[in-house]
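Here are some exercises on charged pairs and strand pairing, each with a worked solution. Have a look at the model first, then try each task before reading on.

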Amino acid sequence: MFTGIIETLGKVTDLRHDHGNLHITVQSGIVNELKIDQSVAHNGVCLTVVGLTDDTHTVTAIEETLNKTSIGYLKVGEPVNLERCMQMNARLDGHIVQGHVDQTATCTKFTELDGSWEYTFEYDSSVGNVTVEKGSICVNGISLTVVNSGPNYFSVAIIPYTYEHTNLHNVSEGSVVNLEFDIIGKYVARLMNR
């Protein structure tokens, strides 16, 4: 379980394909606090640490993960949003995030405002996911508030801190991102469709 509050940016240092799997090695400032078999969200995707060095950790994305997320688009040198699992005695600053990406979306509009930024993302709504204005959405592992919502799109407004301390500053029109929709909203939508 995660909160969607990004701890740090890591940098992809190696990508190695092995059959249908992708081994991803990331350099970060939290590596000395990680251990083998620990879950860490990478751009919102919960992956298990399988290897450690002094300054890197390695995780493995299987074919299922590569097919349903944007993890397969990573490139060496790219920043990746990292968050370790939530501690049960800690404040829940973002919202309840499982690290289970529902689908990807494409950035269709990026607007630089006076001191903030607005992103619009389009997604395939035929699979039943929905957003609501002032509701929560997780984009690349970042807990955000929806400011505009339509049948297959939504917009989020970004404050300078989030823009500078996550990989959103690398997202532009045409970029593919990971989405995890609000778990409570997903249960309500499922119950309404019964």
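The exercises below go from salt bridges to strand pairing.

This is a predicted model, in which local features need pLDDT of at least 70, side-chain atom pairs count only at pLDDT 80 or more, and totals for chains, interfaces and linings use all residues. Residues are numbered from 1 along each chain as its sequence is written, and side-chain values use heavy atoms, with hydrogens and water left out.

**Exercise 1.** Find how many salt bridges the whole structure holds, and work out which parts of the chain R84 and E7 link.

Solution. Start with the criterion: a salt bridge is a side-chain nitrogen of Lys or Arg within 4 Å of a carboxyl oxygen of Asp or Glu. Searching the whole structure with it gives four salt bridges. One of them joins R84 to E7, with N to O at 2.7 Å. This pair ties together distant parts of the chain, 77 residues apart: R84 lies in strand β6 (residues 79–84) and E7 in the segment before β1 (8–18). Helices (H or I, at least four residues) and strands (E, at least two) are DSSP runs, numbered from the N terminus.

**Exercise 2.** Determine how K68 and E64 are placed along helix α1, and how accessible each one is.

Solution. First, the contact: the closest N and O atoms of K68 and E64 are 2.8 Å apart, in a salt bridge. Next, the spacing: both sit in helix α1 (residues 63–68), and because they are four residues apart, about one helical turn separates them. Last, the accessibility, where buried means under 20% relative accessible area, exposed over 50%, and partly exposed in between (1.4 Å probe, protein chains only). K68, at 45%, is partly exposed, and so is E64, at 43%.

**Exercise 3.** Locate the two partners of the salt bridge between K186 and D102.

Solution. The closest N and O atoms of K186 and D102 are 3.0 Å apart. K186 belongs to helix α3 (residues 183–192), whereas D102 is in the loop between β6 and β7 (103–112), 84 residues apart. K186 is partly exposed at 22%, as is D102 at 26%.

**Exercise 4.** Trace how β4 pairs with β3 and with β5.

Solution. Two strands pair if DSSP finds at least two bridges between them. Strands β3 (residues 39–42) and β4 (residues 45–52) run antiparallel, joined by four bridges, with V40 opposite L47. Their hairpin has two residues between the strands, and N43 takes a positive phi near 50° there. On to β5 (residues 56–61): this strand pairs with β4 in the antiparallel sense over three bridges. Here L52 stands opposite H57, and a hairpin of three residues connects β4 to β5.
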